[in-house]
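Here is a structure to read through in questions and answers. Each answer sets a computed value against the rule behind the word.

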Amino acid sequence: MGGGLGGAQGALAAAHYGRKPRPHLTKPRPLGRSLADSALVGHAPWPHIAPAAGATNQRRGGRGRAAPPLAGRAVARCDWLRARAGAGAGGVGGSGERGERDGAAERGGVAMATRTPHPYWPPSLALPGYVRAARPGWQCAGAVGAAGAALLALGWALGGGARGAGGGARRSPARRLALGWFLMCSGIHGLLEGFFSLRHGDLPAATGLLADIWKEYAKADSRYMTSDDFTVVMETVTAWAWGPLSFLTFLALLRHHPARFVLQLLVSLGQLYGDVLYFATEARAGWVHSDPRPFYFWGYFVGLNGLWLLVPGLLLADACRQLATAQRALDRPRHKAH
């Protein structure tokens, strides 16, 4: 377009001064030179670009040559217009918006490239500073299982013998299992959940056996890796309330303390209530934080936590029955001996 316009301007200039068009003026030229030639002959290629005063020699018969400074200004004006046209073409069609989108996509791509992969759900979960567990999952699960079994066996063994430690009647196998249960709960609540209560903020980057155990369990519930509000509050109460009370209940049962069933009812009710809320909040969230593979969902999430629904429920019913029997005996009218 610029070359054709320059040629036409050259032809008009030649006709104006009574000369034949020169070949170098009728040939297509670049945009810059067309503007410069137009300025030399006193014509502007566009209406809004007017020639400056004194740009041409207005005397009849003059050669029509402009002063060198005017030609320089015309070339400079041409360069400015070319730059402006290029900027305007770049903005046509929302290229600015496309540029912003491309920049955002590029930044997102860099973020995705630098995000550390992890085995938790949902896969898009962001865990800044995440460090993989140093131990395989079977070692973490085995360590917890072995420790729990040892505490359960210790409670069973301490509850054996011809008579109880406090001189009461011989304990049944169910009573001995209850002793082992509360001893095991005191260890799990106090040690494992106490660790989570104190270190939940930096758990993704934490190292060590307890951190690896929580990273393994978090495959069944990733809320433990993100300091979920409910999970932190629930585990804090469990660690610092039900942990010590579980050990106190173990001692009361071991020594046949009169308050043993009151403590059993209190701890079992707290465990049951917390576990119901634990399942209910995840159900309302759509079960999105657990690995859908059966081992993690049914084994870890449902199986392990289901124990704290079943056993506390049975112990709660037993405590209510024992307390009701004691109250019934207390309410029975006493007959004076004659």
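Q: Which residues is W214 in contact with, leaving aside its neighbours within four places in sequence?
A: In this predicted model, W214 is in contact with L192, E193, F195, F196, L203, Y224 and E235. Contact here means heavy atoms within 4.5 Å.

Q: Why is the pair D221 and R223 called a salt bridge?
A: The rule asks for a side-chain nitrogen of Lys or Arg within 4 Å of a carboxyl oxygen of Asp or Glu. D221 and R223 meet at 2.9 Å, N to O, so the pair counts as a salt bridge.

Q: Why are D221 and R223 called buried?
A: Buried means under 20% relative accessible area. D221 has 0% and R223 has 4%, so both count as buried.

Q: What makes E282 and R223 a link between distant parts of the chain?
A: Their closest N and O atoms are 3.6 Å apart, in a salt bridge. E282 is in helix α10 and R223 in the loop between α8 and α9, 59 residues apart.

Q: Why does D318 count as buried?
A: Its relative accessibility is 14%, and the cut-off is under 20%, so D318 is buried. D318 also forms a salt bridge with R321, at 3.2 Å.

Technical notes. Residues numbered from 1 in each chain as written. Predicted model: local features only at pLDDT ≥ 70, side-chain atom pairs only at ≥ 80, totals over all residues. Heavy atoms only, no water. Buried < 20%, exposed > 50% of the residue type's maximum accessible area, 1.4 Å probe, protein only. Helix = DSSP H or I, 4+ residues; strand = E, 2+ residues; numbered from the N terminus.
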